[in-house]
Amino acid sequence: MGSVIAILLFSVSLILCLLLNFSVVYALIVGYIIFITYGLIKGYDLKVLVKKSFEGILTVKNILLVFILIGMITALWRASGTIAFIVYMGSKLISPSIVILLTFLLCSILSLLIGTSLGTAATMGVICVAIGNAMGLNPYHLGGAVLSGIYFGDRCSPMSTSALLVTELTKTDLYKNIKLMFKTSIIPFIASCLFYLFLGLRTSVSAISIDATEIFKENYNLNTVVIIPAILIIILSLFKVNVKKTMLVSIVISFIIAVFFQKESVTSLINYCVYGFHHSNEKLNLMMKGGGILSMVKVGLIVAISSSYSGIFKETKMLIFIKKYLKKFSKKTSNYLTIFLSSIISGAIACNQSLGIILSYELCEELENKQNMAIILENTIVLLAALIPWNTAMVVPLKAIDIGLMSGLFAFYLYFLPLWNLFLGVIKETRKIIR
């Protein structure tokens, strides 16, 4: 019972932070204190609990490194003219009515190639949003399309860390999982495309907003060379080069191009990498400012602190009571519905996708066989985590493209797929009961 009280207290702190518009970091710190206190009450040694929490943080060190690279690449693509060139050309060649649909499709393709939602948001997502903004499109429509697209590949790419994590937890075959993931996503993917096309056809664009791209021509050297950092991302991804190495190569090339083609000083570029890109031209600054390592600090803290919980949970075994309750609940309803609801809870408590996957599996592993469990996890927590406003799965991509949380309302794929498979799962289990 104490574990339930501890989780409820943490949930209250999260809700209070959201209501009072405080950073979620404060709630996570409170949560850390609550879970450590729970461990102490249960008789566990403080040193052991702290050690276990640091072990939890070490499990996400690669994610924290990716955050640093995202901050740098989003700043340097702005400084080098990479984004400006693509936006300038794209706004002249692409019809505004299909930009939202193209945003979803292009982000889906790149995320499938590189296997990372964060890397896709920081590259293709930033470009598509910049084009859409230049055309005066609704930023929340664009943000929703980016969120949907980046998690299409994050869910079913052979290089996706979430797909690999699920495979490792369930001891299943990665490529068999991918085949089943594609099979269960066909209808939701088509429905999402239709909805984004509908949004685009309903959008009206003013000529003035498109003319804003002329600002890029005035302030950048739009030589075709500046597109190389973006092309490298695609080429290296096709050759399955590690995403961190791919981003690092793009960062170095962007830096060189910014020096020789945009006449930026080395000092300025280092400043951009840390603090984000900014320009003296106010109109250009409104469209292009952003990025930088410091923009990732808050989300880095969210991931680090929330990941420390996993070590405490394992040491104190505080999830056992909840597992028993979920097992009883599944017998009265259905296994899929139980995993669906527990994944929402796990995503809310974990505050990041990786820990959410681990918690969901630990809570529900006894409900389904390994293969079914792998696909249900991919169809629930992997996507639903990105619809929770304080989860980094939602916060980080939206931070990279600089659009608000309301974008989640238009991330159609993220809830079409879980709901569609929930519907199919309930029908399947109902038929079993009737027989």
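Glu365 is partly exposed, with a relative accessible area of 29% (buried means under 20%, exposed over 50%, partly exposed in between, using a 1.4 Å probe and protein chains only). This is a predicted model, where local features need pLDDT of at least 70, side-chain atom pairs count only at pLDDT 80 or more, and totals for chains, interfaces and linings use all residues. Residues are numbered from 1 along each chain as its sequence is written, and side-chain values use heavy atoms, leaving out hydrogens and water.

**Salt bridges**
- The count comes to three salt bridges (a side-chain nitrogen of Lys or Arg within 4 Å of a carboxyl oxygen of Asp or Glu).
- Glu365 pairs with Lys323 at 3.5 Å, N to O; Lys323 lies in helix α19 and Glu365 in the loop between α21 and α22, so the pair ties together parts 42 residues apart in sequence.
- Lys327 meets Glu366, with the closest N and O atoms 3.2 Å apart, and this pair links α19 to the loop between α21 and α22, 39 residues away.
- Of these two partners, Lys327 is partly exposed at 35%, while Glu366 is exposed at 52%.

**Helix α19**
- Helix α19 covers residues 320-332 (helices are DSSP runs of H or I, at least four residues, numbered from the N terminus).
- Ile322, Leu326 and Ser330 are buried in α19; the buried residues fall within an arc of 75° (taken from the directions from the helix axis to the C-beta atoms), so they line one face of the helix.
- Turned away from that side are the exposed residues Lys324, Tyr325, Lys328, Lys331 and Lys332.

Note on methods. Helix = DSSP H or I, 4+ residues; strand = E, 2+ residues; numbered from the N terminus. Expected span 1.5 Å × (residues − 1).
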